[in-house]
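Please keep the sequence and the coordinates at hand while reading.

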Amino acid sequence: MNEPDTAQQANWWEQACRSASPLRFIDFNLRGIGQVMFQDNPLSGLCFFAAIGWGSFMAGALEIAIGGLLALLIASLTALWLRVETTVLHAGLYGFNAYLLGIALATFLDPSPLLWVYVVLGGAVSVIATLAATRVMQTWGLSALTAPFILITWLLLLSSNGFSSVPAGALPTSGLIQPIAAEAADPLRILDFLQGILISVSQVFVKGDGIAALLILIGLAVGSIAAAGYALAAALVSVIVAHLLGAESQLITGGLVGFNPILTAIAVGTVFARPSLRSGLYALLATIVTVLVQGAMVAAVTPFAIPTLTASFVLVSWLFLLAKPNRIEA
Amino acid sequence: MNEPDTAQQANWWEQACRSASPLRFIDFNLRGIGQVMFQDNPLSGLCFFAAIGWGSFMAGALEIAIGGLLALLIASLTALWLRVETTVLHAGLYGFNAYLLGIALATFLDPSPLLWVYVVLGGAVSVIATLAATRVMQTWGLSALTAPFILITWLLLLSSNGFSSVPAGALPTSGLIQPIAAEAADPLRILDFLQGILISVSQVFVKGDGIAALLILIGLAVGSIAAAGYALAAALVSVIVAHLLGAESQLITGGLVGFNPILTAIAVGTVFARPSLRSGLYALLATIVTVLVQGAMVAAVTPFAIPTLTASFVLVSWLFLLAKPNRIEA
Amino acid sequence: MNEPDTAQQANWWEQACRSASPLRFIDFNLRGIGQVMFQDNPLSGLCFFAAIGWGSFMAGALEIAIGGLLALLIASLTALWLRVETTVLHAGLYGFNAYLLGIALATFLDPSPLLWVYVVLGGAVSVIATLAATRVMQTWGLSALTAPFILITWLLLLSSNGFSSVPAGALPTSGLIQPIAAEAADPLRILDFLQGILISVSQVFVKGDGIAALLILIGLAVGSIAAAGYALAAALVSVIVAHLLGAESQLITGGLVGFNPILTAIAVGTVFARPSLRSGLYALLATIVTVLVQGAMVAAVTPFAIPTLTASFVLVSWLFLLAKPNRIEA
């Protein structure tokens, strides 16, 4: 989360932001989008924003991009009202949970007047949840990661069951857990394999779109080449591991197996440790474990009729970061 | 939880308690009942006790009032045996979880010899859970609130499924989550609307009774006029929000939507912050969020066949209090 | 966990371990097995190891004993790779969670190539989970107990539902919670009663075998006479309480009611407090409460199709230890 800006940006953009507060507001909102993948960089955020805009437009669901943006803006205003620390605010750390929450609510709830009420309320509360989770987790030197997004989105999605004016047509139905059966042994097509890797990147933002994935990768590389490399490697590893374990091939190709391991790899391998052979092996183990834990989360949420979101990333990253990753530095 | 006694009480009652330990015992047990709604005041406790007695009697279920009283007395004796801190004991802080637990067990379990064993065991363990939760939560400057009551009551109610001598006829049955359907658009009757507000107050003590609610409001006002005002305002807000969201009208009128937001409003707005415009807005947001989270909790506990109790109040209050409410003071 | 070796052992075995690192490796792996029941003693570990070997062999499922051993060895190698603290490693504290995990995975998953991948991965991750949980729980002066085993085993078992190459034939099926019905009042046979007590001891290691139970009791007595006494007393109390509550007689006789209370009694009564009348009463209360909480856990995991493992022991022990057991010393 401390990726420094490139020197060039700092030169004119940072000066412009210092002189004009509306530019600063735009800057830290873009950084908020960038922080979804740990990039404290407005250009990364702009690429991600473009990716979500494109993906939503192509899916005929522009309300998703709007939902993310609205929740983000509300979160920034709430953070200002609550007088949060300026350096943390300006690094975009009060924005990424809200942005994901807005996207997720607009994806799983039907378009309706109350969807927008939910997005506004959720955006505001995401800041309070971020303040709360940050305070709890810093007891052990941990970041809250996307836990505030997961908690508030799960609660709001669950609540829709009790309110008839908040229809949630895209939520799964509540069910008992069924072990999946072995599929007919179709030969694995190389295109499906590559698609699984690519779409995993865009599923970080709850989107299954190849162009969006490429834009996200570009944004990631702008912020950190290492992060982009780890993301692609993690997606590759996840898709291979999932095939070896016999995961549903539709899930793999749809990118639903790989998006959590990507976040784990970036967090454990690049954000909270310097890349090295030891830390790379540690991140590899964390990545593989996230594939398994994601399988567990899919089962665990079945009775509750909610999506897993990024719960497996948060759980595995906390475990691996709590175990003092300084042990794994050279 | 630090509401001072009125000057008058301090004059003769406090002196009587100091001179006679049986009076002190009665005093801190009454305060224990008062602390269910944050009132460190024996008169508040007496009013609440009368309310539960009346409500149980009218429902033909006097075992509920007796269950609460028995669990409370056992908790006080357990606290003495465990040599807890005297000032905390005398403020009633080891009593309110037990009192609620006794009421809840006697409400959801059938009258049977083992009910009383459960009430006694539960009352004793509630003190241990209070000591444990207090120690954990004070890491972040938080009160345990009613978390010990929720944890131990949930565990005991869940355990009844495994023991044929502990029948629990009043528990819901385990099921999958079903989104509620829109109701026929009956015109909202003003009497139902007012009843929803009033009964919300008595549902804090798992009771749906108007006279009991009035007695509770009186007890609350005796301890703190602000608390009584916030309680009524929160009940009003909750009933309106729930209607706008399309909650089941029977739940609203039965007070089952409003009792958690009432507790949140008192805690966030009056106990842990001085009432002001900023803190009032903050408490209003917390109150509305509690209505939504209560909807989420109803869905989340469906597979487990247990009631939500005050889980949404505890969860939302912890979030809003963790987020450093000093930010919201003027 | 601080049971000192007997003086004799220290004489020649400790010196041998000091001079030869392969002996040290064997020593701390055996202590790892011993720590399942809090015995920092290689002879205890050897007895437990023999018990699991015997039980697995008699059940025609030697893969269970091998699974435990493999996970244990992988955990020790992982701990060395992560450069954990030597004194903690040599006390066996990075081994017991892995040993239980290996046994549990080999019990509930079908023998298959991926079972062994799971055992190896699980063994490695159990160390990371132990480091993580230890760091969190030491905030309140608590041991992580078997929480790492429970967390990682639950996740791996849950994940099997999503992977067709990881069949889990011995897992229960996901279902709704059903209160058990009263059984026909068969007269309680004394042999069944004694069997329930004995088998409870071996069920600590997920085994239902009388000879194994006797070997475990011997190993326990080698490490600590008090622990062996508390274990037997807790098993007796659990079986009696479960019968009085009307638990399913097949569960009681199969030792599935008593294994968690045994661990609670040893932990609360002997490991973290000096045995005394007060601490004995405290441990008795904790033991009885664990029987109830175990009933609750059986219900709670029903929708998730996973076994309860030692969750009720961990939950109740944490509660009772958090409540400052120094209060209960004489």
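Domain bounds, as used here, come from an automatic or database domain assignment. On that basis chain A is divided into domain 1 (1-166) and domain 2 (187-330). The centres of domain 1 of chain A and domain 2 of chain A, taken over C-alpha atoms, are separated by 21 Å.

The model is a predicted one, in which local features need pLDDT of at least 70 and side-chain atom pairs count only at pLDDT 80 or more, while totals for chains, interfaces and linings use all residues. Residues are numbered from 1 along each chain as its sequence is written, chains are lettered from A and ligands numbered from 1 in the order in which they are written, and side-chain values use heavy atoms, with hydrogens and water left out.

Consider the two domains of chain A. Their contact, where contact means heavy atoms within 4.5 Å, takes 40 residues from domain 1 of chain A and 37 residues from domain 2 of chain A. The size of an interface is often given as the accessible area lost when the parts come together. Buried area is here the accessible area (1.4 Å probe) that two parts lose on being put together, summed over both. Between domain 1 of chain A and domain 2 of chain A it is about 3300 Å², with 81% on carbon and sulfur atoms. On the side of domain 1 of chain A, the residues that lose the most area to domain 2 of chain A are Met37(A), Phe38(A) and Trp154(A), which together account for 20% of what that side buries.

What is the count of salt bridges between domain 1 of chain A and domain 2 of chain A? The count is zero, a salt bridge being a side-chain nitrogen of Lys or Arg within 4 Å of a carboxyl oxygen of Asp or Glu. Six residue pairs, both members at pLDDT 80 or more, are in polar contact across this domain interface. A polar contact is a pair of N or O atoms within 3.5 Å; within protein, one must be able to donate a hydrogen and the other to accept it, and residues adjacent in sequence count only if both atoms are side-chain atoms.

Helix H3 (42-58), helix H6 (96-108) and H8 of chain A each supply at least two residues of the side of domain 1 of chain A that touches domain 2 of chain A. Helices (H or I, at least four residues) and strands (E, at least two) are DSSP runs, numbered from the N terminus. H3(A) gives the most to this side, 11 residues. By class, the side of domain 1 of chain A has 30 nonpolar, nine polar and one charged residues. In this count Ala, Val, Leu, Ile, Met, Phe, Trp, Tyr, Cys and Pro are nonpolar, Asp, Glu, Lys and Arg are charged, and the others, Gly among them, are polar.

The next level is the contact between chains. Chain A contributes 33 residues to its contact with chain B, and chain B contributes 40 residues. The two chains bury about 3200 Å² between them, 74% of it on carbon and sulfur atoms. In chain A, the most area is lost to chain B by Trp81(A), Arg135(A) and Phe163(A), together 21% of what that side buries. There are zero salt bridges between chain A and chain B, and eight residue pairs are in polar contact across their interface, both at pLDDT 80 or more. Helix H7 (113-137) and helix H8 (147-159) of chain A each supply at least two residues of the side that touches chain B. The largest share, 10 residues, comes from H7(A). That side of chain A has 23 nonpolar, eight polar and two charged residues.

How are the copies placed? Copies are superposed by least squares on the C-alpha atoms of residues with pLDDT of at least 70 in both. A rotation of 120 degrees with 0.0 Å of shift along its axis superposes chain A on chain B, with RMSD 0.0 Å. The two copies are thus related as by a three-fold rotation axis. Of the residues of chain A, Pro303(A) comes closest to that axis, its C-alpha lying at 4.1 Å. Only 15% of the interface residues of chain A are also interface residues in chain B, so the copies meet through different surfaces.

Chain C and chain A can be described in like terms. The contact involves 33 residues of chain C and 40 residues of chain A.
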